Amino acid sequence: MAALVLLGVVCLGRHALAGDAALPAPASQPWHEVEAAARGTTVRFHMYGGMATANRYVDGFVAPELARRHGITLVRAPMDAPVFVNRLLAEKSAGRATGSMDLLWINGENFRNARLGGVLWGPYAPALPNMALTDPVQSATDFGYPVDGYESPYGRAQLVLEYDSARTPEPPRTVAQLGEWVKAHPGRFTYPQPPDFTGSAFIRQAFYALTGGHAQYMRPLDKDLLGRNAPALWAWLRDLAPHLWQAGRAYPRDAAALDGLFARGEVDFSVSYHPAHAQALIDDGTYPATVRTVALDDGAIFNTHFVAIPFNAPNKAGAMVVANFLLSPDAQLAKMDPAWWGDFPAIEVGRLPEEWRARFAALKMGEATLPPDVLARRAVPEIPADWLEALERGWDAEVLRK
């Protein structure tokens with residue numbers, strides 16, 4: 001898939017769009033005026049806080065660079081996306097015109113719910129100069145929902161399994177093989193509890209593999225189709241449950257908790273939505289050097305993740321400057337480096353000058369990270385958000401409570 005292949009004009013002007021005239025202030029202002037308004041301000045970035053590598057990147061690279069280049073103080077505020085979306089909905093209902101959040105890390109059903117609730121500000125993305133480096137097709141939708149300029153890309157992710165090659169020299173290569181492995185090794189596998197993002201992605205990937213592939217689901221929720229196909233997923237997961245860690249009586253609360261179980265040797269696999277996550281944890285000493293990753297042959301879900309600006313953000317200009325910086329070649333290269341995070345770029349590297357393309361090509365992703373061409377061959381798109389929510393509700397009713 002082109003979304004994950006590092007293929008290859010940096011545009012320093014505004015990213016033109018037919019609807020530019022409709023952009024609100026400050027997005028409708030010349031970019032130099034936006035930067036001037038942002039200088040010396042504070043931007044509060046609300047984002048999931050359970051990923052140590054993402055936190056390290058924001059605190060260790062993004063914040064210092066924004067301070068140096070723009071005089072912006074970036075404050076990372078750990079908060080799960082459903083929590084800040086619900087807070088914004090409550091603030092809108094209460095008529096709170098000025099809030100406390102400037103920028104959000106968001107995508108999927110949380111973005112759709114925020115848009116339906118009218119709690120995001122925009123369109124602003126067409127005003128960001130660095131949007132010229134992105135693929136307009138890939139950035140046009142988020143889990144099948146139109147973006148319409150209300151968020152800007154941040155990175156790209158793909159689901160992989162992490163395993164220790166010293167303990168598991170031959171990992172499963174398909175969902176069916178994984179099921180067989182789990183039964184043959186009781187207590188040595190688990191996955192985060194949906195609606196945790198990674199746990200939810202794991203069940204979606206199994207849904208694809210067990211019911212004939214993703215193509216049939218790339219449209220609004222079809223309840224009849226869900227009713228016909230979902231029972232195969234619930235039966236598979238219930239069949240596995242007694243063989244999981246703690247006999248399926250409990251699940252890790254999130255991906256970070258699963259990483260801890262794996263690092264301590266309590267289970268033989270972790271699940272990550274970031275292909276270079278394992279290498280980052282090898283480099284910081286959390287994982288042994290023998291850890292590797294596998295993208296399942298019958299499909300590994302990928303997506304683009306985004307940032308957005310709340311409707312009542314007190315510092316919209318500052319949020320725009322941060323969002324634009326996150327799309328800069330410097331920030332995207334650092335983000336891709338496992339020493340910082342290991343998240344794949346949201347820009348199209350082939351749009352960059354040769355010097356930058358060479359820098360991306362020379363980046364060492366480590367032995368634990370699968371090559372981009374291998375990931376691309378296994379990449380399957382994310383399911384639309386209404387399917388996702390239906391599957392999460394189904395898992396709770398048909399697996400957790402059975």
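Modeller: Happy to! Keep in mind that this is a predicted model. Let's start with Glu65, which sits in helix α2, the helix made of residues 52-70. Is Glu65 buried or exposed? Its relative accessible area is 15%, and anything under 20% counts as buried, so Glu65 is buried. Which residues does Glu65 touch, once we set aside its neighbours within four places in sequence? They are His70 and Phe325.

For a contrast, look at Gly213, found in the loop between α6 and α7 (223-240). Gly213 has a relative accessibility of 24%, so it counts as partly exposed. Now find Gly299, which lies 86 residues away from Gly213 along the chain. The C-alpha atoms of Gly213 and Gly299 are separated by 8.4 Å.

Next come the helix pairs. Two packed helices are described by the angle between their axes and by the distance between those axes. Take helix α6 (residues 197-210) and helix α14 (residues 385-400): their axes come within 10 Å and cross at roughly 100°. Angles of 65 to 115 degrees count as roughly perpendicular, so that is the word for α6 and α14. On the α6 side of this contact you will find Ser200, Ile203, Arg204 and Phe207, and they meet Trp387, Leu388, Leu391, Glu392 and Trp395 of α14. Sorted by type, the residues of this contact are six nonpolar, one polar and two charged.

Now try helix α11 (residues 329-336) with helix α12 (residues 354-362). The axes of α11 and α12 are 10 Å apart, and the packing angle is about 10°. Angles under 35 degrees count as roughly parallel, so α11 is roughly parallel to α12. Here Pro329, Asp330, Gln332, Leu333 and Met336 of α11 meet Trp356, Arg359 and Phe360 of α12. The contact of α11 with α12 contains five nonpolar residues, one polar and two charged.

Finally, step back to the whole chain. Its secondary structure comes to 14 helices and 11 strands. The radius of gyration is 21 Å, close to the 21 Å that the globule rule gives for 402 residues, so the chain is as compact as a globular protein of that length. Along the principal axes, the C-alpha atoms fill a box of roughly 65 × 45 × 35 Å. Of the 402 residues, 57% count as buried, and Glu65, where we began, is a buried residue. The chain exposes about 15,300 Å², with carbon and sulfur atoms supplying 54% of that area.

How values were computed:
Residues numbered from 1 in each chain as written. Predicted model: local features only at pLDDT ≥ 70, side-chain atom pairs only at ≥ 80, totals over all residues. Heavy atoms only, no water. Axes fitted to C-alpha atoms, helices over the stretch in contact; angles between N-to-C directions. Helix = DSSP H or I, 4+ residues; strand = E, 2+ residues; numbered from the N terminus. Parallel < 35°, antiparallel > 145°, perpendicular 65-115°, else oblique. Contact = heavy atoms within 4.5 Å. Nonpolar A, V, L, I, M, F, W, Y, C, P; charged D, E, K, R; others polar. Rg over C-alpha atoms; globule rule 2.2 N^0.38 Å. Buried < 20%, exposed > 50% of the residue type's maximum accessible area, 1.4 Å probe, protein only. Areas by Shrake-Rupley, 256 points an atom, 1.4 Å probe, with all protein chains shown as cover.
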